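Below is a short briefing for a reader who is meeting this structure for the first time. Please keep the sequence and the model in view while reading.

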Amino acid sequence: MTHRDAGELTPPPATALPPVDPETLATVQHRIIDWYAEHARPLPWRSADATPWSILVCEVMSQQTPISRVLPRWEAWMETWPGPADLAAAPASQVLLAWDSLGYPRRALRLQETAAAIVERHGGEVPDDEEALLALPGVGAYTAAAVTSFAHGGRTAVLDVNVRRVLGRVFAGVQHRSPSLTAAERRWAAALVPDDEHVAWNAGAMELGALVCTATSPACDACPLTDTCAWVAAGRPVDPTVVRRGQAWAGTDRQLRGAIMRALRAGNPSPPVPVRLLTAPTAQLTADESRLLEDLDDPVQRAVLAVRDLDAGGDRTARLAEDLVRDGLAVREADRLRLP
Ligand code: SF4
């Protein structure tokens, strides 16, 4: 296999999922649960009064986005749309504005579809059944498991990249997991979930992976599992086949798409942004267009100039603008572009 993903990389060896003896498992379970009780970050979606909907929103937002950026957006979002019915009824433009710069804005529209389906199929209540969650648009295996566990206290294995890394190091002695989660690994991980305190197990393994057993600098000296960790016992072998993919951002389509979306957000609800102000080289702007650019409100002008400063070329910018329209993130009105 040649596909590699950021941070989680080349497939581990075939022996990566060994049986775990019950005594070791019980020790690890207790230590993770105890560590979590003492070290869990006091995040609002972990409070006793967090609703299943607020937990679902948090899980969607925090995919591919750091918690520090999620927190203020989540708080504003829950203030505006405390329940699925509220979000389902919101204009898409407001949803995209509130998503702000969390990245991958299609997630915002998918979340709105999820909200609509919850209203339609479940009377506005987030279902507590993992299969029913999985059947919702935009809800994948991870989100369904996370909501089942964290929102409803159901016993299931919540496997994000952090949990998989911790389990792989502690029990299998491998530095990194394969990018793809196989059915065999799901079954293996599911068998490790304790009968009691399974929510704390899921949350604790995830938190340990986020704060201590990180991908690049595991703090083994501060870890409650040091003396039971198979990877440490093996001398922390570095997987020689691991090649990290760079997280290059500058010059990418994602960067340019993000800049266009910022211009549309800044322009909302002003008149839509003329496409040529985003795409035409300065020398090719007409006098009217130049005047229009100069007369834009400050925030809109800054955002439009930021797109132009990327110097991506008119064709490429126009292509990505059309992609945004196709993805439902923008609407084209004649020669202008706006939020939906
Ligand atoms: S001892 Fe080190 S590698 Fe093992 S789980 Fe803890 S932080 Fe991770």
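**Around the ligand**

In this predicted model, α9 (161–172) and α12 (230–233) each supply at least two residues of the shell around the ligand, where helices are DSSP runs of H or I with at least four residues, strands are runs of E with at least two, and both are numbered from the N terminus. Residues are numbered from 1 along each chain as its sequence is written. Because the model is predicted, local features need pLDDT of at least 70 and side-chain atom pairs count only at pLDDT 80 or more, while totals for chains, interfaces and linings use all residues.

**The ligand shell**

- The ligand is surrounded by 14 residues, and the closest are Cys213, Pro218, Cys220, Cys223 and Cys229; a residue is near a molecule if its C-beta atom, placed from the backbone, lies within 6 Å of it.
- The largest share of this shell, 3 residues, is contributed by α9.
- By type, the shell residues divide into 12 nonpolar, 1 polar and 1 charged, with Ala, Val, Leu, Ile, Met, Phe, Trp, Tyr, Cys and Pro counted as nonpolar, Asp, Glu, Lys and Arg as charged, and the others, Gly among them, as polar.

**Helix α9**

- With 12 residues, α9 reaches 15 Å from its first C-alpha to its last, close to the 16 Å expected at 1.5 Å a residue, the expected span being 1.5 Å times one less than the number of residues.
- Because 12 of the 12 residues of α9 are buried, this helix is largely enclosed by the rest of the structure; buried means that 20 or more other C-beta atoms lie within 10 Å of a residue's own, with C-beta atoms placed from the backbone.
- The buried residues of α9 pack against α1 (22–39), α10 (183–190), α11 (198–211) and α12, contact meaning C-beta atoms, placed from the backbone, within 7 Å.
- Just after α9, glycine 173 takes a positive phi of about 70°.

**The sheet**

- Three strands form an open sheet in the order β1-β3-β2, with antiparallel pairing, and two strands pair if DSSP finds at least two bridges between them.
- β1 (273–274) and β2 (331–333) stand at the edges with a single partner strand each, so one side of each is left without a neighbour in the sheet.
- β2 is joined by 3 bridges to the antiparallel strand β3 (residues 336–338), and glutamate 333 has arginine 336 in β3 as its bridge partner.

**The whole chain**

- The chain's secondary structure comes to 17 helices and 3 strands, and its C-alpha trace spans about 75 × 50 × 30 Å along its principal axes.
- Of the 340 residues in the chain, 37% are buried.

How values were computed
Contact = placed C-beta atoms within 7 Å.
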